[in-house]
Amino acid sequence: MDLLEVENLSVSFYRPEGEIEALKKVSFSLREGEILAVMGETGCGKSVLCKSILKLLPDIAKIKTGHIIVRGEEITDYTERQMRELRGSFFSMVFQNPMTALNPCMSVGEQIAEAVRLRQPGLSGKERQQRVAELMHLVGLDHPGERARQYPYQLSGGMAQRCVIAIALAAQPSVLFADEATTALDVTVQAQILDLFLELREKTGMSIVLVTHNPGVAARAADRVALMKNGELTGIGDVEEIFEEIIHRQNFI
Amino acid sequence: MRKLYIGRILYNIGKFALRVIVLSVLVFTISRLAPGDPLYAYYGERVEKMSVAQQEQARERLGLRKPLFTQYARWLQGAFHGDFGISYQYKTDVKEVIAARIGNTLILGGLGFLLIFVLALLLGLFCAWREDRAADRIICRIGTVTSCVPEFWLALLLLLVFAVWLDWLPGSGAYSIGKEGDVADRAVHLVLPLTVVVLGHLWYYAFQVRNRLLEEVRADYVLLARMKGLSGKQVLYRHCLRGALPSYLSMMAVALPHILGGTYVVETVFSYPGIGTLAYESARYQDYNLLMVVSLLTGTMVIFCNMLAGIISGRIDPRMRIHSLTGGGEVRGC
């Protein structure tokens with residue numbers, strides 16, 4: 001049984017001007033412990049795909065048809081309350097711009113601690129601090145005690161992204177969505193964050209959905225690649241297979 | 001660290017004093033530049049029957065013939081000794097004129113401000129939470145209407161309904177004659193004026209809170225907070241409120257004297273003895289000494305509240321601390 005299955009998923013945005021089809025009958029599945037890169041040009045529906053699975057779409061967007069199945073259980077009709085449960089434990093997400101993804105008015109330690117408290121409400125204050133330090137160590141942040149007191153504006157982009165990843169990991173997720181998680185960072189930091197993803201997969205065994213428009217990122221980190229265009233999934237397969245096909249077809253994205 | 005703290009406090013006090021003095025110079029100059037004759041405040045209609053020599057003599061006596069700078073220096077000297085001069089109109093010490101009325105205004109305006117402060121925040125939060133649903137839309141419509149209704153009209157309407165037709169509440173004054181110390185009696189007299197003050201301002205501030213919060217709700221960090229498993233409501237008051245509070249506080253800091261001093265219309269309609277009327281009359285009749293003190297009272301409040309809001313905002317949002325840009329995380333605003 002696959003960890004996550006998406007069948008015939010169609011999502012539309014209903015705007016005053018009319019209906020906009022963002023996803024058209026997308027189907028794929030995610031295996032335990034794999035890294036799946038979702039690749040495509042800007043606006044092809046990569047982010048909408050992640051957000052529809054997580055039900056984080058704005059009110060004007062509706063799932064028209066299709067099924068989302070987690071470990072054999074259908075979650076398409078889950079209520080907000082049930083989804084909240086799932087978001088805090090099964091799924092997690094890392095965003096494109098770490099500087100805006102963190103709340104500017106809270107120290108990063110507080111923000112990580114909040115995620116820990118939601119996941120493990122029984123922990124004492126001291127145990128929680130310990131867990132925060134553990135998470136910060138896990139994502140490669142040095143001097144956790146000092147860093148925890150800092151505010152997002154005092155961090156570099158790479159460090160901020162590591163904090164976001166620490167928050168995502170607090171939930172001990174089975175699936176991590178990384179929505180363009182390396183795009184806003186400079187090249188060396190991109191490589192470090194990708195290495196971190198690979199390392200985390202080794203340590204925790206979670207699956208990662210790596211959304212990117214950068215073929216280099218996909219080739220370096222992914223096991224399988226899904227190609228998207230105009231809201232449709234045009235191909236899915238092993239990295240070598242897909243890249244060979246792309247070169248063969250000469251329609252490089 | 002301790003030394004730094006005391007230094008910051010002294011620095012802030014110095015800044016405060018400087019601002020108050022600059023303000024007093026401005027009010028002093030502007031009030032004297034305005035057209036009109038202060039003798040009218042003192043003698044009323046009798047001025048017209050006085051000879052030119054008599055008028056000059058009266059001016060001499062009130063110290064109005066000296067150069068502006070000397071007049072200001074004398075005023076400042078007196079002010080440092082607690083002597084703010086006499087009111088031309090009431091012919092007694094300015095302090096006495098104000099002391100008799102400021103309590104009433106502080107009660108009406110202060111209570112009004114507190115109510116507005118709390119209710120606007122709650123209403124704004126509620127509307128932001130229910131954005132574009134039925135409840136939010138209805139409140140927005142009602143709010144727009146109430147904030148557009150002129151205060152004097154609303155005051156008259158309430159007066160007509162509750163004081164004249166239904167006769168439930170008293171329609172004028174701050175207390176019944178002979179019951180000056182009776183809290184219950186004062187409270188009953190406050191209901192109608194307070195309602196007008198609150199209704200007149202509430203929606204403007206609530207709407208600002210709502211819009212500020214909705215800006216925050218669209219920020220990226222909200223998605224991350226929701227990914228942690230927080231509900232929309234929890235994100236709103238744990239995360240968004242924190243981002244919206246600094247601008248709300250600085251807005252309310254300016255609003256405090258506005259609401260306190262802006263009770264003129266209400267005071268007039270309900271014959272409520274406060275300083276709103278004083279402020280208006282002193283400016284109208286060139287009652288310089290009274291005008292100085294009333295303006296300085298409001299002005300000092302604006303300056304003080306702004307500084308207070310700045311300090312509180314710095315505590316909420318570290319990016320607003322003045323020295324944090326260079327000092328890293330260690331320097332705290334005081």
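A residue is called buried when its relative accessible area is under 20%, exposed when it is over 50%, and partly exposed in between. The legends below describe a predicted model.

**Figure 1. Chain A, overall view of the fold and its burial.** By the cut-off above, buried residues account for 53% of the 253 residues of chain A. The secondary structure of chain A consists of ten helices and ten strands. The radius of gyration of chain A is 18 Å, close to the 18 Å given by the globule rule for 253 residues, so chain A is as compact as a globular protein of that length. Along the principal axes, the C-alpha atoms of chain A occupy a box of roughly 55 × 40 × 40 Å. Of the contacts in chain A between residues at least 6 apart in sequence, 69% link residues at least 24 apart.

**Figure 2. Surface and charges of chain A.** The accessible surface of chain A is about 11,400 Å², and carbon and sulfur atoms hold 48% of it. Chain A carries 27 positive and 34 negative charges.

**Figure 3. Loop of chain A around H143(A).** H143(A) sits in the loop that runs between α5 (125–138) and α6 (144–148) of chain A. Most residues other than glycine have a negative phi. H143(A) is not a glycine, yet its phi is positive, at about 40°. With a relative accessible area of 53%, H143(A) is exposed, because the cut-off for that class is over 50%.

**Figure 4. Loop of chain A around Q172(A).** Q172(A) is placed in the loop between α7 (157–170) and β7 (175–179) of chain A. Its backbone also deserves a look: the phi of Q172(A) is near 45°, a positive value in a residue other than glycine. The relative accessibility of Q172(A) is 44%, so this residue counts as partly exposed.

**Figure 5. Interface between chain A and chain B.** On the chain A side, 29 residues are in contact with 21 residues of chain B. About 2,500 Å² is buried between chain A and chain B, and carbon and sulfur atoms contribute 60% of this area.

**Figure 6. Chain B, overall view of the helical fold.** Chain B has 14 helices and zero strands. The C-alpha atoms of chain B fill a box of roughly 85 × 65 × 35 Å along the principal axes. Of its 334 residues, 41% count as buried. Among contacts in chain B between residues at least 6 apart in sequence, 72% join residues at least 24 apart.

**Figure 7. Surface and charges of chain B.** Chain B exposes about 17,800 Å², with 66% of it supplied by carbon and sulfur atoms. There are 35 positive and 24 negative side chains in chain B. The centres of these two sets in chain B are 10 Å apart.

**Figure 8. Helix α7 of chain B at W153(B).** W153(B) belongs to helix α7 (residues 151–165) of chain B. The relative accessible area of W153(B) is 44%, so W153(B) is partly exposed. W153(B) is 144 residues from I9(B) in sequence, and their C-alpha atoms are 46 Å apart in space.

**Figure 9. Helix α8 of chain B at L190(B).** L190(B) is part of helix α8 (residues 183–217) of chain B. Its relative accessibility is 10%, so L190(B) counts as buried. Apart from neighbours within four places in sequence, the contacts of L190(B) are I107(B), L108(B), L111(B) and Y272(B). One of these, L111(B), is 79 residues from L190(B) along the chain, with 9.6 Å between the two C-alpha atoms.

**Figure 10. Helix α12 of chain B at S282(B).** S282(B) is found in helix α12 (residues 275–284) of chain B. S282(B) has a relative accessible area of 0%, so S282(B) is buried. Neighbours within four places in sequence aside, S282(B) makes contact with D287(B), L290(B) and L291(B).

Definitions and conventions
Residues are numbered from 1 along each chain as its sequence is written. Chains are lettered from A and ligands numbered from 1 in the order in which they are written. This is a predicted model: local features need pLDDT of at least 70, side-chain atom pairs count only at pLDDT 80 or more; totals for chains, interfaces and linings use all residues. Side-chain values use heavy atoms; hydrogens and water are left out. Helices (H or I, at least four residues) and strands (E, at least two) are DSSP runs, numbered from the N terminus. The radius of gyration is taken over C-alpha atoms; the globule rule is 2.2 Å times the number of residues to the power 0.38. Buried means under 20% relative accessible area, exposed over 50%, partly exposed in between (1.4 Å probe, protein chains only). Contact means heavy atoms within 4.5 Å. Accessible areas come from the Shrake-Rupley method with a 1.4 Å probe; for residues, only the protein chains shown count as cover. Lys and Arg count as positive and Asp and Glu as negative; His and the chain ends are not counted. The place of a charge is taken as NZ of Lys, CZ of Arg, CG of Asp or CD of Glu. Buried area is the accessible area (1.4 Å probe) that two parts lose on being put together, summed over both.
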